Amino acid sequence: MLKLKEYFKSKEFIISISIILVFIIYNIGDYIYYTTGKVDASFPELVNCFAFWRHTMYYNGGSVIMFLSPFIISLLSISNLFYKFRGSYFKDLLLRQNYKKTIIKEFICSYLKAIFPFLFVSIFVFILGLCLFPSDVPDVSFYDVYISFEYVDVSNPFLYIFLAHIAMILYVLVISNISFIVLRITKKMTVSIILTFALVNVINFVISNISALLSNAIGNSALINHLYLFNIYEGYMVQSTVYNALINMGILFVITTVIVLFIYRNKEQVVRHFE
């Protein structure tokens with residue numbers, strides 16, 4: 001299972017959290033500079049902790065983190081699993097413990113390793129915003145898109161923040177599952193990390209463009225429109241509604257989890273495959 005000291009000292013964690021923090025720190029400074037210099041005097045009601053969180057997590061450097069997230073997540077999720085499969089640890093452990101329980105524990109451990117940096121940074125940014133800025137979201141007709149915060153179809157902004165974090169967790173789980181699938185095929189960690197990034201974007205392209213073919217065949221429908229707007233990265237950065245992100249990520253998590261459990265079900269085949 002997850003050993004915290006080893007995890008925090010691991011090169012995978014240090015590399016991942018360093019990349020995330022570089023862009024987050026830049027965004028924090030950028031938001032403070034922008035609101036202080038251009039907005040605070042004219043529209044002080046638009047400066048709030050929710051807009052601060054959204055800007056810091058989503059815009060500029062945040063979009064870079066989103067783009068790099070498949071690399072970061074796969075690095076964190078498959079590294080420990082890869083080294084255990086390649087070494088004698090996993091093989092020796094299976095002689096004394098039940099395979100299904102062991103492999104599920106390892107998957108959960110990998111999930112937690114991948115989730116922590118994103119969830120910790122996001123919650124920290126929001127708490128920092130609460131300390132620095134008011135928590136009132138204005139109901140005004142003018143919004144500067146750069147610093148505004150809108151919580152469409154949600155009763156209050158705090159609930160939106162909570163649901164956005166659930167969507168983020170599901171997104172990390174989906175990318176982790178995809179990396180597990182790729183690792184099972186390639187047996188190589190570096191190749192798996194690169195192919196995971198490529199596969200995520202292929203899935204995004206195929207699902208979002210298959211709607212055109214279906215539309216010609218069966219006409220427009222709610223499902224066709226939903227597929228047309230599909231974006232796997234919406235789990236990290238909500239672009240339509242948070243409920244839409246939750247539905248998409250939930251469906252993908254179930255599908256990818258079923259595939260992972262299926263391809264890792266046979267102990268002998270899995271251990272022999274990594275020898």
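Hi everyone, let's start with the overall picture: of the 275 residues in the protein chain, 48% count as buried, where buried means under 20% relative accessible area with a 1.4 Å probe, protein chains only. Before I go on, this is a predicted model, where local features need pLDDT of at least 70 and side-chain atom pairs count only at pLDDT 80 or more, while totals for chains, interfaces and linings use all residues. Residues are numbered from 1 along each chain as its sequence is written, and side-chain values use heavy atoms, with hydrogens and water left out.

The protein chain has 11 helices and zero strands; helices here are DSSP runs of H or I with at least four residues, strands are E runs of at least two, and both are numbered from the N terminus. Residues 24 or more positions apart make up 79% of the contacts with a separation of 6 or more, a contact being heavy atoms within 4.5 Å.

Now to helix 6. Helix 6 has a kink of about 35 degrees at Ile115, shortly before Pro117. The bend is the angle between axes fitted to the seven residues ending there and the seven starting there.

Which way does helix 7 run relative to helix 6? The axes of helix 6 and helix 7 (residues 157–186) come within 9 Å and cross at roughly 150 degrees, so the two are roughly antiparallel, the word for angles over 145 degrees. Axes are lines fitted to C-alpha atoms over the stretch in contact, with angles from 0 to 180 degrees between N-to-C directions. Among the residues making this contact are Tyr111, Ile115 and Phe118 of helix 6 and His165, Met168 and Val172 of helix 7.

Helix 3 also meets helix 6: their axes come within 8 Å and cross at roughly 145 degrees. On the helix 3 side the contact includes Phe50 and Trp53, and on the helix 6 side Phe126 and Leu130.

Is Asn48 buried or exposed? Asn48 is buried, with a relative accessible area of 2%. Asn48 and Phe133 are 85 residues apart in sequence, yet 5.0 Å apart in space, C-alpha to C-alpha.

Definitions and conventions. Buried means under 20% relative accessible area, exposed over 50%, partly exposed in between (1.4 Å probe, protein chains only). Angles under 35 degrees count as roughly parallel, over 145 as roughly antiparallel, 65 to 115 as roughly perpendicular and the rest as oblique.
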